[in-house]
Amino acid sequence: MAGCAVNFEFQNYTIITSQCKGPQYPPKLCCGAFKEFACPFAEDINDLTNDCATTMFSYINLYGKYPPGLFASECREDKQGLACPDSPLGSSSEGSVSRPFSFPLVLILTVGVLLVFGQL
């Protein structure tokens with residue numbers, strides 16, 4: 001498996017850690033914050049040939065001290081995973097639209113299970 005082109009070590013996790021707080025970990029706040037953080041990296045995270053998802057979840061859990069599998073168990077929008085809105089890159093005649101680019105649920109669950117069993 002290839003390394004990750006995104007350096008998750010030095011990302012700002014405040015969006016997640018400031019909104020997703022225990023002991024209840026409200027799904028609406030946690031999942032919204034998770035999407036806001038992760039969606040800009042969706043292409044890298046969805047690439048199963050690299051370790052970006054594993055690395056990202058390792059740092060999220062390191063900085064947030066979250067229960068294993070929290071985001072995997074709470075953050076679901078459809079069977080594809082979490083839908084990320086298209087970010088406007090330059091001008092477009094259609095404006096900002098949602099695209100069917102999602103964070104796969106299978107990947108979230110896999111990383112969550114690995115975290116639960118201490119494999120990361």
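Reader: How many helices and strands does the chain have, and in what pattern do they follow each other?

Author: In this predicted model, the secondary structure comes to six helices and two strands. Read along the sequence, the pattern is α-α-α-α-α-β-β-α.

Reader: What makes a stretch of residues count as a helix or a strand here?

Author: A helix needs a DSSP run of at least four residues, and a strand needs at least two. Helix α4 covers residues 52-64 and has 13 residues, so α4 passes the helix cut-off.

Reader: How do you know that the span of α4 agrees with its 13 residues?

Author: At 1.5 Å a residue, α4 should span 18 Å, and its end C-alpha atoms are 18 Å apart, so the two values agree. Just after α4, K65 takes a positive phi of about 50°.

Reader: Which residues of α4 are buried?

Author: They are C52, A53, M56, F57, Y59, I60, N61 and G64. Each is called buried because its relative accessible area is under 20%. Over the whole chain of 120 residues, buried residues make up 37%.

Reader: Which residues have the most contacts inside the largest nonpolar core?

Author: They are F8, I16, F34, F37, M56, I60 and F71, in a core of 25 residues. The elements that give two or more residues to this core are α2 (27-38), α4 (52-64) and α5 (70-74).

Reader: Why is such a set called a nonpolar core?

Author: The name applies because the residues are buried, belong to a list that includes Phe, Ile and Met, and are joined through side-chain atoms within 4.5 Å. In soluble globular proteins, nonpolar side chains tend to be buried together.

Reader: What does F37 contact, leaving aside its neighbours within four places in sequence?

Author: F37 is in contact with F8, Q11, N12, Y13, I15, I16, M56 and I60. Each of these counts as a contact because heavy atoms lie within 4.5 Å.

Reader: How many disulfides does the structure hold, and what pattern do they follow?

Author: The structure holds four disulfides. With bonded cysteines counted along the chain, the pattern is 1-6, 2-3, 4-7, 5-8.

Reader: Why is the pair of C20 and C30 called a disulfide?

Author: Their sulfur atoms are 2.0 Å apart, and the cut-off is 2.5 Å, so the pair qualifies. With 90° about the S-S bond, this link is right-handed. C20 lies in the loop between α1 (14-17) and α2, and C30 lies in helix α2, so the pair ties together parts that are ten residues apart in sequence. Both C20 and C30 are buried.

Reader: Which parts of the chain does the pair of C31 and C75 link?

Author: The sulfur atoms of C31 and C75 are 2.2 Å apart, and the two form a disulfide. The pair links distant parts of the chain, with C31 in helix α2 and C75 in the loop between α5 and β1 (81-85), 44 residues apart. With -90° about the S-S bond, the link of C31 and C75 is left-handed.

Reader: How do you know that C31 and C75 are buried?

Author: Buried means under 20% relative accessible area. C31 is at 12%, so C31 counts as buried. C75 is at 1%, so C75 counts as buried too.

Reader: What makes the disulfide of C39 and C84 left-handed?

Author: C39 and C84 are joined with an S to S distance of 2.1 Å. The torsion about their S-S bond is about -80°, so the disulfide is left-handed. C39 lies in the loop between α2 and α3 (42-46) and C84 in strand β1, 45 residues apart, so that this pair, too, links distant parts of the chain.

Reader: Why is C39 called buried, and what does C39 touch?

Author: C39 has 15% relative accessibility, so C39 counts as buried. Not counting residues up to four places away in sequence, C39 touches A83, C84 and P85. The C-alpha atoms of C39 and P85 are separated by 7.7 Å, although the two residues are 46 apart along the chain.

Reader: What is the mean pLDDT of the chain, and which elements have the lowest and highest values?

Author: The chain averages a pLDDT of 79, and 71% of the residues score at least 70.

Key. Residues are numbered from 1 along each chain as its sequence is written. This is a predicted model: local features need pLDDT of at least 70, side-chain atom pairs count only at pLDDT 80 or more; totals for chains, interfaces and linings use all residues. Side-chain values use heavy atoms; hydrogens and water are left out. Buried means under 20% relative accessible area, exposed over 50%, partly exposed in between (1.4 Å probe, protein chains only). The expected span of a helix is 1.5 Å times one less than its number of residues. pLDDT is the predictor's confidence in each residue, from 0 to 100.
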